[in-house]
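I opened this model to look up its charged pairs, its helices and its nonpolar core. My entries follow in the order in which I made them.

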Amino acid sequence: MFKTIKESQIIISELMLPSHSNFSGKIHGGYILNLMDQIAFACASKHSRNYCVTASVNKVDFLNSIDVGELVTLKASVNYTGRTSMVIGVRVESENIQTGHTKHCNSSYFTMVAKDENGKNASVPGIILDSEQSIRRFSRSIARQEQAKERSNSFKASEFKIDDYIELLKDHNTKVAL
């Protein structure tokens with residue numbers, strides 16, 4: 001079975017309140033991460049029609065701060081489907097509701113795994129790639145998975161070769177004392 005990406009897309013908006021702010025008066029990053037996880041869950045569950053769990057989050061860069069009183073909009077889409085997992089792309093934007101000025105605050109990729117009623121991994125429908133953008137996003141997810149495997153293998157304790165990296169450390173704020 002295959003589904004279109006649009007069938008599972010989710011958009012939510014929430015007004016940022018003082019209770020969401022940190023000590024500097026900006027919206028707490030942890031609160032935004034919580035919203036991102038919620039929308040990723042909703043999108044993955046809608047696509048798979050199963051309960052889903054977060055397996056990993058790939059790179060969260062906070063690009064712009066969010067102020068109290070701004071309207072935050074989160075958009076989620078299925079970018080990739082495996083056998084039991086999905087990569088959900090999440091985009092966060094904020095809007096000053098008085099001026100209408102919007103800013104991109106961050107984007108991230110959540111790997112979600114579908115679970116059946118017994119807590120076992122459940123198969124998920126594939127996605128129909130119907131645009132150049134959907135093909136690019138799916139392909140980017142494959143490349144990210146391959147890079148993660150390569151990174152994990154390169155730094156495995158049994159495979160790590162200190163001589164391959166010791167020169168790299170000279171340009172960084174560190175002192176090697178072996």
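**Entry 1: arginine 144**

I began with arginine 144, which has its place in helix H2 (residues 132–154); helices here are DSSP runs of H or I of at least four residues, strands are runs of E of at least two, and both are numbered from the N terminus. Before going on I noted that this is a predicted model, in which local features need pLDDT of at least 70 and side-chain atom pairs count only at pLDDT 80 or more, while totals for chains, interfaces and linings use all residues. Residues are numbered from 1 along each chain as its sequence is written, and side-chain values use heavy atoms, with hydrogens and water left out.

Is arginine 144 buried or exposed? I found arginine 144 buried, at a relative accessible area of 14%, where buried means under 20%, exposed over 50% and partly exposed in between, with a 1.4 Å probe and protein chains only. Leaving out residues up to four places away in sequence, arginine 144 touches Asn58, Val87 and Tyr109, a contact being heavy atoms within 4.5 Å. Asparagine 58 lies 86 residues from arginine 144 in sequence, yet their C-alpha atoms are 8.8 Å apart.

**Entry 2: salt bridges**

I counted a salt bridge wherever a side-chain nitrogen of Lys or Arg is within 4 Å of a carboxyl oxygen of Asp or Glu, and the count by this rule is six. Side chains of opposite charge can pair when their charged atoms come close.

Lysine 59 and aspartate 61 form one of them, at 3.2 Å from N to O; lysine 59 is exposed at 57% relative accessibility, whereas aspartate 61 is partly exposed at 35%. Arginine 91, partly exposed at 32%, pairs with glutamate 93 at 2.7 Å between the closest N and O atoms, and a network of salt bridges links Lys75, Arg91 and Glu93.

Glutamate 70 lies in the loop between strand S3 (51–58) and strand S4 (71–81) and lysine 103 in strand S6 (residues 102–115), so the bridge ties together parts 33 residues apart in sequence. Both residues, glutamate 70 and lysine 103, are buried, with glutamate 70 at 7% relative accessibility. The side chain of glutamate 70 also makes a polar contact with the side chain of serine 94 at 3.2 Å; such a contact is a pair of N or O atoms within 3.5 Å, where within protein one must be able to donate a hydrogen and the other to accept it, and residues adjacent in sequence count only if both atoms are side-chain atoms.

Just after H1, arginine 49 takes a positive phi of about 60 degrees.

Which residues touch the most other members of the largest nonpolar core? Among its 32 residues they are Ile88, Val90 and Val92, the core being a set of buried Ala, Val, Leu, Ile, Met, Phe, Trp, Tyr and Cys residues joined through side-chain atoms within 4.5 Å. H1, S4, strand S5 (85–95) and S6 each supply at least two residues of this core, and the largest share, seven residues, comes from H1.
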